[in-house]
Amino acid sequence: MDQNQTPTSILHSLGEEIIRIITPVSICMFSVVILVTVLDTDSSISSSISTIATIAYTETASDSDWDKFKGAILNSLVFVAVVTLVTFLLVLLFYFRCTSFLKYYMGFSAFLVLGFMGGEIGVFLIQVSRFGIDCFSYLLLLFNFTIVGVLAIFMMKFPIFVTQSYMVVIGVLTAYWFTMLPEWTTWVLLVAMSLYDLAAVLLPGGPLRLLVELAISRDEDIPALVYEARPVISHGNHTIVQRRVWRDRERDSDGDRNRHVSLESQTGPQIDPESIGSSSSQNVGELSAPLIERVRVREHELEPENLALEGIGLGSSGAIKLGLGDFIFYSVLVGRAAMYDFMTVYACYLAIIAGLGITLALLALYQKALPALPVSVMLGVLFYVLTRVFLEEFIVQCSSNLLMF
Amino acid sequence: MTLGAGIGYVLLALGPSLALFVTLISTKPFLILILLSSTLVWLISLIVLSGFWKVFLPIKTTALWPYAILILTSVVFQEGLRLILWRGYKKMEDMLDAFADRVAKPRLYLTDKMQIALAGGLGHGVAHAVFFCLGLLTPSFGPATFYVDKCSYAPFFLISAIISLAFVTIHTFSMVIAFNGYAQGNKTDQLIVPAVHLIAGMLTLVNLASSGCVVGIPLLYVVALSTLAYCGKMVWRRLTETQIRLTPQNQ
């Protein structure tokens with residue numbers, strides 16, 4: 001070892017991109033869990049939620065399990081059908097180059113989420129914490145917050161930290177509203193959405209795949225709500241090729257796919273809570289921008305034998321993008337788990353992070369747009385069921401006797 | 001249990017791990033990934049064990065032997081898993097060394113390898129604290145607290161946090177000892193780790209007796225502190241002999 005200067009080992013910088021995407025996902029999940037536990041109003045509010053997701057069947061506490069399950073499946077089918085229709089509509093609009101319409105629409109829905117959903121959740125929080133504020137100041141603050149958010153996401157070049165924070169906030173707000181759906185519907189909906197995502201991205205006729213190919217062929221960006229992690233700048237010795245990167249098909253090929261559920265034409269901003277509940281939940285779908293992860297690459301020598309290591313995503317440099325829909329559905333899963341018990345929260349959190357890691361590894365291996373929902377959601381649901389059925393009793397038995405290992 | 005008391009219990013169980021995390025692990029993203037993976041592996045082992053024991057629970061008798069068998073099987077399973085973790089770590093070490101060669105950076109130092117082992121052990125410890133202690137603690141905020149009959153000196157949550165702290169220490173440092181033992185082929189190290197784990201597990205059986213925790217918990221801390229001391233001695237020995245062995249022209 002050199003006495004004067006020990007060169008930094010690889011351990012200092014390896015895996016940084018993965019951490020940069022795991023951190024905001026964790027923050028989003030953590031915030032939703034906190035909101036769910038603090039607000040804890042699932043009985044009183046959920047009865048007034050009438051959304052696309054409960055249009056087929058409204059769950060009541062007195063139904064039997066089998067009825068609830070059937071109703072949940074109906075609800076999810078309706079939801080997935082609506083999402084598919086709207087995504088095809090989006091593909092059509094993109095094909096006819098109405099991108100500015102889409103961008104303004106995105107800005108409008110961000111405004112609705114931040115303004116109305118955020119405002120309502122803010123009111124709940126004020127009620128719970130008995131914070132003294134009058135409604136004019138509150139409206140002023142809310143309005144400013146919302147406008148800055150819309151600008152940060154769409155119109156101007158803001159510092160990336162502000163944009164990222166607003167993305168996470170939109171994710172948290174939307175996910176919180178989703179957790180107000182009835183229980184069986186939520187779980188079946190999660191599974192249905194991950195299956196839909198799998199189909200839409202990988203099947204040749206899937207809307208998201210069409211969208212990706214359109215975007216690639218025109219070399220354009222799809223207007224979408226996508227979280228972009230800050231790219232990693234390699235420190236240290238710049239003369240040596242530090243990182244092997246692989247070459248993607250196109251220079252800037254965007255794997256971004258959007259899932260827009262632009263359903264409502266009648267969304268006028270209405271103030272009473274019920275219609276806010278319904279109209280804004282209809283909007284919610286379009287914020288569920290999808291799972292697209294893409295690694296933007298610089299061209300460098302490509303050595304096939306490196307692929308084994310690159311295969312676990314360690315060798316890349318570039319920004320990883322994750323669609324906001326992923327944030328939302330992961331947080332919905334964890335939020336629902338929080339409504340049962342905290343042990344399920346920890347288990348589901350670990351499962352989702354593991355799924356995300358696996359998806360990133362697959363992304364590095366296959367080097368094309370991949371759905372990020374299926375692996376994580378399936379693992380999350382599996383771990384939730386296993387924890388609830390097996391783990392809890394075991395742990396309680398051991399712990400209450402002060403028996404640990 | 002008030003919010004202040006609850007936060008106190010959480011920090012009691014997880015405070016040292018948080019300190020280790022912030023100083024050592026948060027600066028190196030790879031170690032964070034190792035920590036998350038080892039937490040996941042521990043969780044999976046717990047789920048498998050609970051699946052296996054589902055048919056036998058709840059244990060109705062107050063006799064000692066069902067609990068002893070439970071702990072024995074759990075410890076044996078987890079130690080077996082540690083061997084599998086070691087194999088996985090070896091493969092990963094080879095890949096990392098190859099990667100380091102390609103990007104013209106130095107191979108993994110000894111301290112790097114020990115840090116990876118530490119992160120792995122910390123993952124195990126954090127998983128233990130989270131599932132055994134925090135899982136029961138976080139839903140219990142609100143008025144009143146809970147006491148266990150057999151150990152009514154302090155609230156249940158406080159006792160479980162104290163026990164978890166001991167186990168976090170044991171898990172964290174025994175991973176370092178174990179990986180070092182496997183790397184050097186040192187039989188003593190390799191055998192000491194399962195032994196310590198088993199002894200610690202069995203010591204908690206003492207808690208089943210009435211007022212047993214007065215005896216059990218201090219003994220548990222003796223075990224934890226001796227693991228810590230042994231690990232420290234071993235690391236010191238390893239580092240000094242590596243320093244002595246290295247001459248300037250060697251790596």
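Reply: Let us begin with a term. Helices are DSSP runs of at least four residues, numbered from the N terminus. Please keep in mind that this is a predicted model. As a case, B:Ile7 is placed in helix α1 (residues 3-25) of chain B.

Me: Is B:Ile7 buried, partly exposed or exposed, and what is its relative accessible area?

Reply: The general idea is a pair of cut-offs: buried means under 20% relative accessible area, and exposed means over 50%. B:Ile7 has a relative accessible area of 44%, so this residue is partly exposed. B:Ile7 also belongs to a nonpolar patch on the surface, together with B:Leu3, B:Leu11, B:Leu18, B:Val22 and B:Phe141. The accessible area of these residues together is about 560 Å².

Me: How should I read a salt bridge, and how many salt bridges are there over all chains?

Reply: Side chains of opposite charge can pair when their charged atoms come close. The cut-off used here is 4 Å between a side-chain nitrogen of Lys or Arg and a carboxyl oxygen of Asp or Glu. By this rule there are eight salt bridges over all chains. One of them joins A:Glu16 to A:Arg20, with the closest N and O atoms 3.2 Å apart.

Me: Where do A:Glu16 and A:Arg20 lie?

Reply: Both are in helix α1 (residues 16-39) of chain A, four residues apart, which is about one turn of the helix. A:Glu16 counts as buried because its relative accessibility is 14%, whereas A:Arg20, with a relative accessible area of 29%, is partly exposed.

Me: Which residue forms a salt bridge with A:Asp67?

Reply: The partner of A:Asp67 is A:Lys70, and their closest N and O atoms are 3.9 Å apart. Both residues lie in helix α3 (residues 65-95) of chain A, three residues apart, again about one turn of the helix. A:Asp67 counts as partly exposed at 35% relative accessibility, and A:Lys70 is partly exposed with a relative accessible area of 41%.

Me: How far apart in helix α8 of chain A are A:Arg209 and A:Glu213?

Reply: They are four residues apart in helix α8 (residues 207-218), so about one helical turn separates them. A:Arg209 and A:Glu213 form a salt bridge, with their closest N and O atoms at 3.3 Å. A:Arg209 counts as partly exposed at 24% relative accessibility, and A:Glu213 counts as partly exposed at 40%.

Me: Which residues touch the most other members of the largest nonpolar core?

Reply: A nonpolar core consists of buried nonpolar residues joined through side-chain atoms within 4.5 Å. The largest one has 177 residues, and those touching the most other members are A:Ile21, A:Met193, A:Phe394, B:Leu46 and B:Phe131. Helix α4 (residues 110-137) of chain B gives the most to this core, with 17 residues. Setting aside neighbours within four places in sequence, A:Ile21 is in contact with residues including A:Tyr227, A:Ile320 and A:Leu360. A second, separate core has eight residues, among them A:Leu102 and A:Leu211.

Me: Where does UniProt place the feature "transmembrane region" in chain A?

Reply: Such annotations may be inferred rather than shown by experiment. In an unreviewed entry, UniProt places this feature at several spans of chain A, including residues 161-178 and 346-366. Residues 161-178 of chain A are 100% helix, with end C-alpha atoms 26 Å apart. Residues 346-366 of chain A are also 100% helix, and their end C-alpha atoms lie 30 Å apart. For chain B, the UniProt annotation, likewise from an unreviewed entry, covers spans including residues 32-53. That span of chain B is 100% helix and 0% strand, with its end C-alpha atoms 32 Å apart.

Notes. Residues numbered from 1 in each chain as written. Chains lettered and ligands numbered in written order. Predicted model: local features only at pLDDT ≥ 70, side-chain atom pairs only at ≥ 80, totals over all residues. Heavy atoms only, no water. Helix = DSSP H or I, 4+ residues; strand = E, 2+ residues; numbered from the N terminus. Buried < 20%, exposed > 50% of the residue type's maximum accessible area, 1.4 Å probe, protein only. Contact = heavy atoms within 4.5 Å. Patch = residues over 30% accessible without salt bridge, like charges linked within 9 Å, V, L, I, M, F, W, Y side chains within 5 Å. Areas by Shrake-Rupley, 256 points an atom, 1.4 Å probe, with all protein chains shown as cover.
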